[in-house]
Amino acid sequence: MTVKEHYDNHLGNFYSWYTGDFDKNMEDFRTFCTENEIIPKNSKYAIDLGAGNGIQSIALAKQGFKVVAIDFNVQLIAELNSRVGNLPIEILNDDIRSINKYAALQPELIVCCGDTLTHLESLAEVQKLIMDCSDILNARGKVVFTFRDYSAELEDTHRFIPVKSDSNRIMTCFLEYSSDKVRVTDLIHELENDTWTQKISSYYKTRISKDQAIGYLKDSGFHVVLAKAENRIITIIGQK
C-alpha cells in the first residue's frame, strides 16, 4: 500500500486523534519558531509540505507568514480548512515532490514536519526534495525538517510501540526493518456497539539518519543552524 492509500483509507481517520491537542501542538511550534528567529522578513511566503491538519500552517500564519499548505489527504485538508478563518493560508491538494512549481512565490521558509520526509520513496527522493527547496528559496531562506529516526533498529518486542489509547480506541505500531526502509503497521482497536474491532494497514517509510539529512542540506548549499535528536525525533534547521 502506498503512503497516500494508507492515509486515505486508514490513518487519515485517526490522525487528529493520535496527534493530540491541536492548540497545544500549534502553540509549541509557534514557540519553536520564535526561539529560532523564524519570522517573516522579506517575501513573507512560507510553504508547509505535508501540512496535515494544519499545526504548522496555523502557527506560521500567526507568526505573520503568508502560508501555502500542501497535502495529499483530502480529509486532513478539510480539517485544516475548517481552522483557517481569516488567516493568510492557501491550501493545495498536491504532492510535495512537485514543490518546484511554486518557485514564483520566492518563499523565505519551507517546513516539512511531523514524519513527512520519511514518506518519500527513497533517500534519492529526500535528497532531491532538499535540493528543490534550495532552488526555490530566496536568499537567506530557511528550511525546517522534523522526522522520526529509524536509523537504529528496535528489536524483538520493542518493535511494538503503543501510540495512544482511551476508553474507546487503542493504537499500536509495529515496525519491520529492511536495509533502507521500515514497514510500519498501524493497528487500531476501536470499540463499536460494545464490540472491539481491529483495523490494520501497513506502509513503508524511508530510513533517514540525522547525518544523512545534514549531508544533503550541506550539499544543497545550506548552513545547518540547528540539528538535534530528542525522543527519536530529529529536528533540523538549514539556512541558505
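## Aromatic residues

Tyr-15 has a relative accessible area of 15% and is therefore buried, as is Tyr-7 at 7%. In this predicted model, the two residues form a tilted aromatic pair, with 6.3 Å from centre to centre and 50° between the planes. Tyr-7 and Tyr-15 also belong to one aromatic cluster together with Tyr-18, Phe-72 and Tyr-203. Across the whole structure, a search finds six aromatic pairs.

Another tilted pair consists of Phe-160 and Phe-174, whose ring centres are 4.5 Å apart and whose planes meet at 35°. This pair links distant parts of the chain, 14 residues apart: Phe-160 is in strand 6 (residues 160-165), and Phe-174 is in strand 7 (residues 169-177).

## Charges over rings

Two arginines are placed over aromatic rings. The charged end of Arg-83 sits over the ring of Phe-22, at 3.7 Å from the ring centre. Arg-169 lies over the face of Trp-17, and here the distance to the ring centre is 4.9 Å.

## Salt bridges

The structure contains 12 salt bridges. One of them joins Asp-115 to Lys-205, with the closest N and O atoms 2.6 Å apart. The partners are 90 residues apart and connect distant parts of the chain: Asp-115 belongs to the loop between strand 4 (109-112) and helix 6 (123-136), while Lys-205 belongs to strand 9 (residues 195-206). Both Asp-115 and Lys-205 are buried.

Other bridges involve partly exposed residues. Arg-183 and Glu-176 meet through their side chains at 3.0 Å, N to O; Arg-183 has 31% relative accessibility, and Glu-176 has 29%. Glu-192 and Lys-199 likewise form a salt bridge, with an N to O distance of 3.0 Å. Glu-192 is partly exposed at 32%, and Lys-199 is partly exposed at 28%. Through shared partners, salt bridges join Glu-192 and Lys-199 with Arg-169 and Glu-190 into one network. Arg-169 of this network is also the residue that lies over the face of Trp-17.

## A buried aspartate without a salt bridge

Asp-48 is located in strand 1 (residues 45-49). Although Asp-48 is buried, it has no salt bridge. Which side chain of opposite charge is nearest to Asp-48? That side chain belongs to Arg-83, which is 11 Å away.

Leaving aside residues up to four places away in sequence, Asp-48 touches Gln-56, Ser-57, Val-67, Val-68, Ala-69, Ile-70 and Val-111.

## Helix 6

Helix 6 has 14 residues, which at 1.5 Å a residue should span 20 Å; the C-alpha atoms at its ends are 20 Å apart, in agreement with that expectation.

Which residues of helix 6 are buried? They are Val-126, Leu-129, Ile-130, Asp-132, Cys-133, Ser-134 and Ile-136. These buried residues pack against strand 1, strand 4, strand 5 (142-148) and helix 7 (210-219). Strand 1, one of these packing partners, is the strand that holds Asp-48.

How values were computed:
Residues are numbered from 1 along each chain as its sequence is written. This is a predicted model: local features need pLDDT of at least 70, side-chain atom pairs count only at pLDDT 80 or more; totals for chains, interfaces and linings use all residues. Side-chain values use heavy atoms; hydrogens and water are left out. Helices (H or I, at least four residues) and strands (E, at least two) are DSSP runs, numbered from the N terminus. Buried means under 20% relative accessible area, exposed over 50%, partly exposed in between (1.4 Å probe, protein chains only). Lys and Arg count as positive and Asp and Glu as negative; His and the chain ends are not counted. A salt bridge is a side-chain nitrogen of Lys or Arg within 4 Å of a carboxyl oxygen of Asp or Glu. Contact means heavy atoms within 4.5 Å. The expected span of a helix is 1.5 Å times one less than its number of residues. Rings of Phe, Tyr and Trp (its six-membered ring) pair if their centres lie within 6.5 Å; planes under 30 degrees apart count as stacked, over 60 as edge-to-face and the rest as tilted. A charge sits over a ring if NZ of Lys or CZ of Arg is within 6 Å of the ring centre and within 35 degrees of the ring normal.
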